[in-house]
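Work through the exercises below with the sequence and the structure in view. Try each task before reading its solution.

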Amino acid sequence: MVFNDPVNLMSYVSFVFQSYFGYSEDKAHALMLEVHENGRSVVATGGREAMERDTQAMHEYGLWAACQPDPGSD
Amino acid sequence: MAAIDARGDDVVLRLEDNERSLMLTVFTDLSALLSEDGDEDGDRPDSENWEARLGLVDRPRPDDPALLRLLPDVDPEDEERSAEFRRLTEFDLKQAKSHNVRIVLLGLSKGTEITLTHDEVLAWMKGLNDLRLVLAVRLGIDTEEAQEEKYAHREELSESEDLTLTLYDFLTWVQDRLTTTLLSRTQGEDDE
């Protein structure tokens, strides 16, 4: 999950989604707008290890990201 | 006025003298912030701290909100899990961020015309983003409303806050230009 942050530039967030997740320009742009407008967006889902690795990568890019267990999985 | 242009696979950044020296100062500060060791054992640099490198010792959650913004919790709703994640990953994250800053400082040391490879541009974008995160925390910009407020009442800012905001805007411009330069390149490739 990536949270909105006034510092992160739209261009940069879109770039990160394209280059790290390999999303298309359109998908990256749509997710970026979702973060911007809704305050957060679930940009990836999966197993705990993979999600923690992605979160770590987002932190390296400086995006405000977190990963949480799916409430349904407990 | 600074300029950023693509040249073949590289990106060329031209800075004024004052822009370059200011960037050297603030990136040196960022480097120092990242090398502060939160461990009790303050005499030993992170690079020699094998227990930390291997994730064998707990790492305290940063007290400084700017440092916490660079090294956030993995799950703000789960303190225990965040502490464990920090123990296992914070060392590497800090190293990666410090590495980016070193690449920026190396570039700045070359003069006012700086040619950057693709990988160096990436390091600059990340380093600039981290620096802007720190400046935003120092300026109290934590929401979009707070940001608008700063700009709307600019005349009420102290001289140092006003300078910081000017610097922040400049760094924003540089980061955005570098990003759009790389983006237009990948989009150009897709069109071919």
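Axes are lines fitted to C-alpha atoms, for helices over the stretch in contact, and angles run from 0 to 180 degrees between N-to-C directions. Helices (H or I, at least four residues) and strands (E, at least two) are DSSP runs, numbered from the N terminus. This is a predicted model, in which local features need pLDDT of at least 70, side-chain atom pairs count only at pLDDT 80 or more, and totals for chains, interfaces and linings use all residues. Residues are numbered from 1 along each chain as its sequence is written, while chains are lettered from A and ligands numbered from 1 in the order in which they are written.

**Exercise 1. Describe how α1(A) and α2(A) cross.**

Step 1. Take the axes of α1(A) and of helix α2 (residues 25–38) of chain A: they come within 8 Å and cross at roughly 130 degrees.

Step 2. Classify the angle. Angles under 35 degrees count as roughly parallel, over 145 as roughly antiparallel, 65 to 115 as roughly perpendicular and the rest as oblique.

Step 3. Find the hand. A crossing is left-handed if the near helix is turned anticlockwise from the far one by less than a right angle, and right-handed if clockwise. α1(A) passes α2(A) in a right-handed crossing.

Step 4. List the residues in contact (C-beta atoms, placed from the backbone, within 7 Å). From α1(A) they are A:Met10, A:Val13, A:Ser14, A:Phe17 and A:Gln18. From α2(A) they are A:Glu25, A:Ala28, A:His29, A:Leu31, A:Met32, A:Val35 and A:His36.

Step 5. Sort them by class. Ala, Val, Leu, Ile, Met, Phe, Trp, Tyr, Cys and Pro count as nonpolar, Asp, Glu, Lys and Arg as charged, and the others, Gly among them, as polar. The contact of α1(A) with α2(A) has 7 nonpolar, 4 polar and 1 charged residues.

**Exercise 2. Describe how α1(B) packs against α4(B).**

Step 1. The axes of helix α1 (residues 17–35) and helix α4 (residues 79–108) of chain B come within 10 Å and cross at roughly 160 degrees. The angle means that α1(B) is roughly antiparallel to α4(B).

Step 2. The crossing is left-handed.

Step 3. Residues in the contact include B:Phe27 and B:Leu34 of α1(B), and B:Val101 and B:Leu105 of α4(B). By class, the contact divides into 9 nonpolar, 4 polar and 3 charged residues.

**Exercise 3. Describe where chain A meets chain B.**

Step 1. Count the residues: 18 of chain A are in contact with 29 of chain B.

Step 2. Which elements give two or more residues to the side of chain A that touches chain B? They are α1 (10–21) and α3 (48–61) of chain A. α3(A) gives the most, with 6 residues.

Step 3. Follow α3(A) to α4(B): the axes come within 10 Å and cross at roughly 35 degrees, in a right-handed crossing. A:Glu52, A:Gln56, A:His59 and A:Glu60 of α3(A) meet B:Phe85, B:Thr89, B:Leu93 and B:Ala96 of α4(B).

**Exercise 4. Report the confidence of the prediction.**

Step 1. For the complex, the predictor gives an ipTM of 0.92 and a pTM of 0.91.

Step 2. Chain A averages 92, and chain B averages 89.

Methods:
pLDDT is the predictor's confidence in each residue, from 0 to 100. Two residues are in contact if their C-beta atoms, placed from the backbone, lie within 7 Å.
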